[in-house]
2 protein chains.
Amino acid sequence: MVDFFVDGVKVLGLPRSLGEIYGLLFVSTNPLSLDDLVLYLGISKGSASQGLRTLRTLGAVREASGNDDRRTYYEPAVDLKRLVGGFIREQVRPHLDSGKTKLQTIAETAKLCDDPLEREFFTDRIERLESWMKRGGQMLPILQKLLGQ
Amino acid sequence: MVDFFVDGVKVLGLPRSLGEIYGLLFVSTNPLSLDDLVLYLGISKGSASQGLRTLRTLGAVREASGNDDRRTYYEPAVDLKRLVGGFIREQVRPHLDSGKTKLQTIAETAKLCDDPLEREFFTDRIERLESWMKRGGQMLPILQKLLGQ
DNA sequence: TCTTGCGTTCAAAATAACTTGAACTGCTTT
DNA sequence: AAAGCAGTTCAAGTTATTTTGAACGCAAGA
């Protein structure tokens with residue numbers, strides 16, 4: 001089962017430990033601590049700590065409330081909307097945004113091209129890219145909406 | 001500009017050389033041969049050959065027609081629908097399918113669980129995963145349709 | 001205040017992924 | 001038939017990513 005998630009996160013370009021951690025939390029009937037993860041998965045404390053942090057920023061795990069213990073326990077977020085939302089926010093949007101910025105720079109450069117025929121070709125290509133990015137940007141909220149119930 | 005595509009394919013989990021090759025073809029006013037790629041990008045013949053093959057199976061490049069030369073020339077596919085379609089077919093679907101298979105195996109295993117309360121918990125989790133995969137599968141054609149014009 | 005223990009950090013080690021290049025296949029030309 | 005060229009293959013080398021583990025910071029208990 002953990003393997004299932006390991007494959008899953010790999011597809012998304014995330015490290016294997018994230019899949020292991022999330023997978024274990026997902027099949028666990030009760031919240032687990034960092035030490036539990038180290039114990040059951042046989043990974044280092046460092047990995048577990050970093051993995052949990054990433055999963056938290058992705059909104060894929062949260063701290064479990066109401067434990068007397070000094071250590072903190074974690075449980076998985078199990079609704080798809082939230083998971084997809086976190087992934088888009090943390091992994092997709094930043095790339096889209098930096099892509100748009102780069103494209104602007106490229107567009108500036110293309111204007112300096114001497115040969116007018118070549119210049120036209122370049123601006124045409126650039127416009128095409130811009131339309132791709134725009135569509136991508138429009139796509140994300142739709143995707144999120146359709147997946148979230 | 002080539003950099004732009006290198007980043008792009010990295011996000012998709014594809015090797016840098018694919019981005020370089022596609023990027024160069026994309027900004028090139030005329031089709032290029034394998035040797036052109038080796039020359040302009042400074043990559044090895046092996047990389048260029050493998051990269052072109054992958055791009056062909058993704059439907060991201062095609063052989064240019066009508067050249068007298070013995071060698072083959074390539075041009076990029078520039079419509080988003082085709083690109084997205086190829087990516088889904090080659091990269092996304094296979095993972096979704098293998099995921100479904102694994103999930104079935106897991107479901108079988110869960111039935112063998114002794115404790116009825118645990119068993120219920122597991123089957124609940126598994127059902128949730130199944131619904132995720134199903135939604136993902138339904139999503140793909142919609143995505144393709146919306147992106148393709 | 002000192003000690004104990006949870007959790008974080010980060011440089012170094014381990015692992016995974018990509019690229020190279022030399023040997024090879026098959027086709028063309030001489 | 002031999003030589004030449006376009007393109008492929010794959011083991012070995014290189015590069016990039018991930019994991020480890022020891023040192024650290026911080027808060028709670030003694």
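The model is predicted: local features need pLDDT of at least 70, side-chain atom pairs count only at pLDDT 80 or more, and totals for chains, interfaces and linings use all residues. Residues are numbered from 1 along each chain as its sequence is written, while chains are lettered from A and ligands numbered from 1 in the order in which they are written. Chain A can be laid on chain B with an RMSD of 0.0 Å, and the contact between them takes 26 residues from chain A and 26 residues from chain B.

**Relation of the two chains**

- In chain A, the C-alpha nearest the axis belongs to Gly13(A), at 3.1 Å from it.
- The superposition is by least squares on the C-alpha atoms of residues with pLDDT of at least 70 in both copies.

**Contact between chain A and chain B**

- Chain A and chain B each give 26 residues to the contact, where two residues are in contact if their C-beta atoms, placed from the backbone, lie within 7 Å.
- On the side of chain A that touches chain B, at least two residues each come from helix H1 (2-11), helix H2 (16-27), helix H5 (80-111) and helix H6 (116-147) of chain A.
- H6(A) supplies the largest share of that side, 11 residues.
- Helices (H or I, at least four residues) and strands (E, at least two) are DSSP runs, numbered from the N terminus.
- The side of chain A that touches chain B has 16 nonpolar, four polar and six charged residues.
- In these classes, Ala, Val, Leu, Ile, Met, Phe, Trp, Tyr, Cys and Pro count as nonpolar, Asp, Glu, Lys and Arg as charged, and the others, Gly among them, as polar.
- Because 100% of the interface residues of chain A are also interface residues in chain B, the copies meet through the same surface.

**Domains of chain A**

- Chain A is divided into domain 1 (2-76) and domain 2 (80-147), with bounds from an automatic or database domain assignment.
- The C-alpha centres of domain 1 and domain 2 of chain A lie 33 Å apart.
- Five residues from domain 1 of chain A and six residues from domain 2 of chain A make up the contact between these domains.
- On the side of domain 1 of chain A that touches domain 2 of chain A there are three nonpolar, two polar and no charged residues.

**Sheet of chain A**

- Three strands form an open sheet in the order E1-E3-E2 (chain A), with antiparallel pairing; two strands pair if DSSP finds at least two bridges between them.
- Strand E1 (32-33) and strand E2 (61-63) of chain A are the edge strands, and each pairs on one side only.
- Three bridges link E2(A) and strand E3 (residues 73-76) of chain A in the antiparallel sense.
- Arg62(A) has Glu75(A) in E3(A) as its bridge partner.
- H2(A) lies across E1, E2 and E3 of chain A and runs at about 85° to E3(A).
- For such angles, axes are lines fitted to C-alpha atoms, for helices over the stretch in contact, and angles run from 0 to 180 degrees between N-to-C directions.

**Sheet of chain B**

- The open sheet of chain B has three strands in the order E1-E3-E2, with antiparallel pairing.
- E1(B) and strand E3 (residues 73-76) of chain B run antiparallel and are joined by two bridges.
- Leu32(B) stands opposite Tyr74(B) in E3(B).

**Surfaces near the DNA strands**

- DNA strand D is surrounded by 21 residues, the closest being Gly46(A), Ser47(A), Gly46(B), Ser49(B) and Arg71(B); a residue is near a strand if its C-beta atom, placed from the backbone, lies within 6 Å of it.
- H4(B) gives the most to the surface near DNA strand D, with six residues.
- The surface near DNA strand D has four nonpolar, nine polar and eight charged residues.
- DNA strand C is surrounded by 20 residues, and the closest are Gly46(A), Ser49(A), Ser17(B), Gly46(B) and Ser47(B).
- H4(A) provides the largest share of the surface near DNA strand C, six residues.
- The surface near DNA strand C has four nonpolar, nine polar and seven charged residues.
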